[in-house]
Amino acid sequence: MAAEPGISQQIQLAIKMLNSSNRMEKLSACRELSKAENRGVEPVWFALMKKNEDGDKDVRREVAVGLGIVSNKGEVKTVTTLCGMSDDREWAVREAAIRALVQVDCGLKSAPGWKPAENRVKAVIVRGLLDPVEKVRSAAAEVSGNLTLSMLKSRLSEAKLVDTDRVLH
């Protein structure tokens, strides 16, 4: 395999392995690609983005983790993809997507003045706080650092699923 300029043969092989029919190879490939030194490497990001709807929940979870690590800060397509993954039928994918959104630095903990995804991300986190699975709720609570109590009460109250006066006092 000829090396693509700037991309190691190891990364090229991992990208190829993402399309394997072997589950373990796909998981291994996701983990190989999901390294900090691959942040901003477009072929790595693109390969992970293509696997966000894989039929294997563990692959989707690893893709969410990987996107949080390799995506450029504030990458709009990543934010959109992770917001979608936060609605996955599998709780582990939802949890990973919520955590990855904050890693992408998409509004909640970003540089002052940069907030294009903030409301969308806040809505995802609030939905996470209402998730039926405790691990997803915990992840959402951990990443909700910049959500104000009044905004949180308002969103939860709108959902009419929680007595916010009782729960948040």
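**Values against definitions**

Tutor: Let us begin with a pair of side chains: those of glutamate 62 and arginine 61 make a polar contact at 3.1 Å. The model is a predicted one, in which local features need pLDDT of at least 70 and side-chain atom pairs count only at pLDDT 80 or more, while totals for chains, interfaces and linings use all residues. Residues are numbered from 1 along each chain as its sequence is written, and side-chain values use heavy atoms, with hydrogens and water left out.

Student: What makes the pair of glutamate 62 and arginine 61 a polar contact?

Tutor: The definition asks for a pair of N or O atoms within 3.5 Å; within protein, one must be able to donate a hydrogen and the other to accept it, and residues adjacent in sequence count only if both atoms are side-chain atoms. The 3.1 Å between these two side chains is within 3.5 Å, so the contact qualifies.

Student: How do you know that arginine 61 also forms a salt bridge with glutamate 62?

Tutor: A salt bridge is a side-chain nitrogen of Lys or Arg within 4 Å of a carboxyl oxygen of Asp or Glu. The closest N and O atoms of arginine 61 and glutamate 62 are 3.1 Å apart, so this pair meets the limit. Both residues belong to a network of salt bridges that also links Arg23, Arg31, Asp56 and Asp58. The whole structure holds 13 salt bridges.

Student: Why is glutamate 62 called buried?

Tutor: Buried means under 20% relative accessible area, exposed over 50%, and partly exposed in between (1.4 Å probe, protein chains only). Glutamate 62 has 11%, so it counts as buried. Arginine 61, at 22%, counts as partly exposed. Glutamate 62 lies in helix α4. Leaving aside neighbours within four places in sequence, glutamate 62 is in contact (heavy atoms within 4.5 Å) with Leu27, Cys30, Arg31 and Ser34.

Student: Why is asparagine 19 called exposed?

Tutor: Its relative accessible area is 56%, which is over 50%, so asparagine 19 is exposed. Asparagine 19 lies in the loop between α1 and α2.

Student: What does the salt bridge of aspartate 54 and lysine 26 tie together?

Tutor: The side chains of aspartate 54 and lysine 26 meet at 3.1 Å, N to O. Aspartate 54 lies in the loop between α3 and α4 and lysine 26 in helix α2, so the pair ties together parts that are 28 residues apart in sequence. Aspartate 54 is buried at 9%, and lysine 26 is buried at 12%.

Student: Which parts does the salt bridge of arginine 94 and aspartate 131 join?

Tutor: The closest N and O atoms of arginine 94 and aspartate 131 are 2.7 Å apart. Arginine 94 lies in helix α6 and aspartate 131 in the loop between α7 and α8, so the bridge ties together parts 37 residues apart in sequence. Arginine 94 counts as buried at 10%, and aspartate 131 is buried, also at 10%.

Student: Which residues have the most contacts inside the largest nonpolar core?

Tutor: A nonpolar core is a set of buried Ala, Val, Leu, Ile, Met, Phe, Trp, Tyr and Cys residues joined through side-chain atoms within 4.5 Å. The largest has 39 residues, and Leu48 and Leu82 have the most contacts inside it. Among the helices that each supply at least two residues of this core are α1, α2 and α3. The largest share, seven residues, comes from α6. Leucine 48 touches, among others, Leu18, Cys30 and Val63, not counting residues up to four places away in sequence.

Student: How many disulfides does the structure hold?

Tutor: The structure holds zero disulfides, a disulfide being a pair of cysteine sulfur atoms within 2.5 Å. Cysteine 30 is buried at 0%, and cysteine 83 counts as buried at 8%.

Definitions and conventions. Helices (H or I, at least four residues) and strands (E, at least two) are DSSP runs, numbered from the N terminus.
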